[in-house]
Amino acid sequence: MDSKTLSEIDFYRIRDEVAAFCMSEEGKDDFLQRQPLTKYAEIEQLKNTSREWMIYLSASTKNGISGWGTVKPLFAVIRTKGASLTLENVHSLGQFIKSINNFKKCTEIHKVKLSLKYLPSQADLLPDLSDAEKKIFRVISPDGQLRDLPEIVAIRKQMANLNSKIKTIMQGFTSDQKLSGILESTVPVLRNGRQVLAVKASQQNRIPGIIHEVSQTAQTVYIEPEEAVLCSNELIQKEFELAAAIKKILLELTQSLEPSIPDFKKALPVMIFLDQTLAAARWGAQNNCIFIETAQNEAPLLLGARHPLLKEKAVPIDIRFMEQKRVLIITGPNTGGKTVSLKTFALFSVMNQAGLPVPASEGSRLPVFTDVFADIGDDQSLDQNLSTFSGHMKNIAEAVQKAGPKTLVLLDELGSGTDPQEGTAIAMSVLDDLIKKKAFVLVTTHMGVLKNYGYTNEFCVNASVEFNQDTLSPSYRLLMGIPGESHALDIAEKNGLPQNICKAARNYIATEQADVSALIRGLNRKHVELNKIQKEAEQKEKDYKDKFERLKVKELELRRKENDLKKGKQQELNDFLIHSRRQLENLVRTLKEGEITREKTLGVKKFISELEERTEYLEKKTEAEDEKLIREKEEFEKTLKKHPASNKKTKKKMSNAEALASATTNEEFYKFQKARGEAEEEELVFEEGAWVISASTQTKGVLVKEEKKGLWLVQFGSLKMSVKQKDLVLIKPEKEYKPSISIDLVNREEDGVVDKKSQTPVFELRLLGMHVDEAIRTLEKQIDLCLLNNFTSFSVIHGKGDGILQQAVQDYLSHVPAVKDFSFAPPEDGGTGKTYVKLN
């Protein structure tokens, strides 16, 4: 497609926005080259994959793909004999493999639950890189640092001993009271990578050694004592040995990765594809977008379309192409939104063909266009000797020559820039030719003749941008089916044109055109009236349905309350029965102590039996009412599903958020029935220690003992209750678990530095600008506060610089027993200038 047209309809600006959501630089760079596609299968593959990413994002807060460094140029380095990867290169390959593994894991976890199809198919295309993963992470840690390999540890140990020896030598000089008058400072400084002493120039002969630097005032010389020179020389030698050992390790690793190059090359385009489709889904979720249908034989339809660059200011518009209609003529006032409507339709078309979501409502559909041509704005050019009209004609000529059944043509202010009569004639001729070629055409114009053309031509449909007569300002809504007035005089008068001029202008046009304007105004009024009547009818229908549903729910609630009252009465009868039984048992015991006759004993038993029979009859009656109520509620739910309330959008696919909300509601309603079904399938039995769920409270508990037939003592948490067996459902036993405890600490230090008086640790400890000793004391204080406050993790910002503070922090953390683990931050969060710390 023509890049000029794509730029005019703002496709490239949207593409740049979406590209920023890519997790990798390679994915972003490739996305910035994407153009609208014309093959239906390719478009649907992009959209279907991004649709599933949207479903995944709505169900999980974790990104399915993590970022990685650039890896494609490294394949050539690995194949080159004698070439070696750097630590950063190796880390990029490691990140790439971790991203692959992360995607496979997330897909495997969610594919059944979320009914994923396209993402698992992409996971199947990814090769197994476990061998390369083992080789890489044997050499480096997950944060990209070289591991403590035996050959490295030995050299570093020797270097540490030499540093310690140099430090001892320097301390011998700085702590000597005899030299206090000679030294400018008691703290050694670094010059050219060596530790030196700041000595007064007049006393430089008192300390034999090598002068490395002289101050600008020549009052101070920086001397490296002779005792430290040999140690420093040996330290430099060890540093070269360390660099050579690291280079050898990286060279061997590079050579060992060569067999894995085909797998890396196979995985890279798949991961870039997944990164880009995820970026489209994330951008769509942020901008409340959907993936619209790709129409093949249906007329284009946009519902609730909002231009993405206007953000919250966008007014939703509907654009409907009826069957056999190929030309949409949009009229109306200046600054009313005609050009924005035209651009929105074109932009949504190319976004859809680029596999991107669009901010519109469900039910929207657009065809696949092979090309898009646009004549928008003023193409006047002094360099090319083009006037405004010539610029328009050049663009229109190209569109007419290349137009076809699957092309989209945008013509803004068609026929303007020249004599109105000739411009109108040209405009109608152009539209005649484009209709013959069956192109889809969107036209904006102020010419009244073209409005009539739209009425009389069977392939055209008129539309207008709404104008508020009271405020003399546009509402930016598109009205389909009727033309609109330009309202030029109203707008001119509102913007300061003298009233006498406007009055004279109205007298000039008080001819046949006035009749046309009156007709248009009448049509607009009729349109508004019809809309009002339709909305009132829809509102009444909605109110009736809502009222019916509220009455039905109210009826069910009343019946439930009635049944609850019956249950309460039944409970009173049960209590009466238990009380009566105890009284009778006492009576029998009393009778046993005195004279007992057979008639008395039979009378007592008969009394008890009658009470039990009466209670059992009432229980069965209550149970029957419960079952009837449950059946009616289920039937009512089915009715609601078949006939949804009118405040829900019809013929609309349920969004991810709505699906989750609906699932949550249904889960509570059917929880009891589901538990009952599982109990029947697994044939669980009521016995001591069995797990159950209460029908009334949905609370889980454990059976303690059977107090009597049909009545169990149940342990609900720390509470024991007597519950009837019929009100309990057996469930699978649950494992004991300890609830996780979340501690929310408030960081009262804005700069991230632990205050000496503070008793609260910080989330991010900043050591920048501190000396090593001060930094270590601050870090020690932070760890102590973390242990006192049960704070298990924090980060340390030490910067990179010469690496002295960085190494000091790492050395200190490696010797603290309370530290469980520590590692450098990922590149996007500071890299080697920041360390993550985890405590035991």
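Guide: Patches are made of residues with over 30% relative accessible area and no salt bridge; like charges are joined within 9 Å, and nonpolar side chains (Val, Leu, Ile, Met, Phe, Trp, Tyr) within 5 Å. A salt bridge is a side-chain nitrogen of Lys or Arg within 4 Å of a carboxyl oxygen of Asp or Glu. Accessible areas come from the Shrake-Rupley method with a 1.4 Å probe, and for residues only the protein chains shown count as cover.

Guide: This is a predicted model, where local features need pLDDT of at least 70, side-chain atom pairs count only at pLDDT 80 or more, and totals for chains, interfaces and linings use all residues. Residues are numbered from 1 along each chain as its sequence is written, and side-chain values use heavy atoms, with hydrogens and water left out.

Visitor: Which residues form a nonpolar patch on the surface?

Guide: Leu 190, Val 772 and Ile 804 do, with about 220 Å² of accessible area together. Leu 190 lies in strand β1 (residues 189-191). Strands (E, at least two residues) and helices (H or I, at least four) are DSSP runs, numbered from the N terminus.

Visitor: How is a pair of aromatic rings described?

Guide: By the distance of the centres and the angle of the planes. Rings of Phe, Tyr and Trp (its six-membered ring) pair if their centres lie within 6.5 Å; planes under 30 degrees apart count as stacked, over 60 as edge-to-face and the rest as tilted. The count here comes to eleven aromatic pairs. Take Trp 53 and Tyr 56: centres 5.7 Å apart, planes at 80°, so the pair is edge-to-face.

Visitor: Where do Trp 53 and Tyr 56 sit in helix α4?

Guide: They are three residues apart in helix α4 (residues 40-59), so about one helical turn separates them. Trp 53 is buried at 2% relative accessibility. Tyr 56 is buried too, at 3%. Trp 53 also pairs with Phe 103: centres 5.8 Å apart, planes at 50°, so this pair is tilted. It links distant parts of the chain, as Phe 103 is in helix α6 (residues 87-110), 50 residues from Trp 53.

Visitor: What sits over the ring of Tyr 222?

Guide: A charge sits over a ring if NZ of Lys or CZ of Arg is within 6 Å of the ring centre and within 35 degrees of the ring normal. Here the charged end of Arg 191 does, 4.4 Å from the centre.

Note on methods. Buried means under 20% relative accessible area, exposed over 50%, partly exposed in between (1.4 Å probe, protein chains only).
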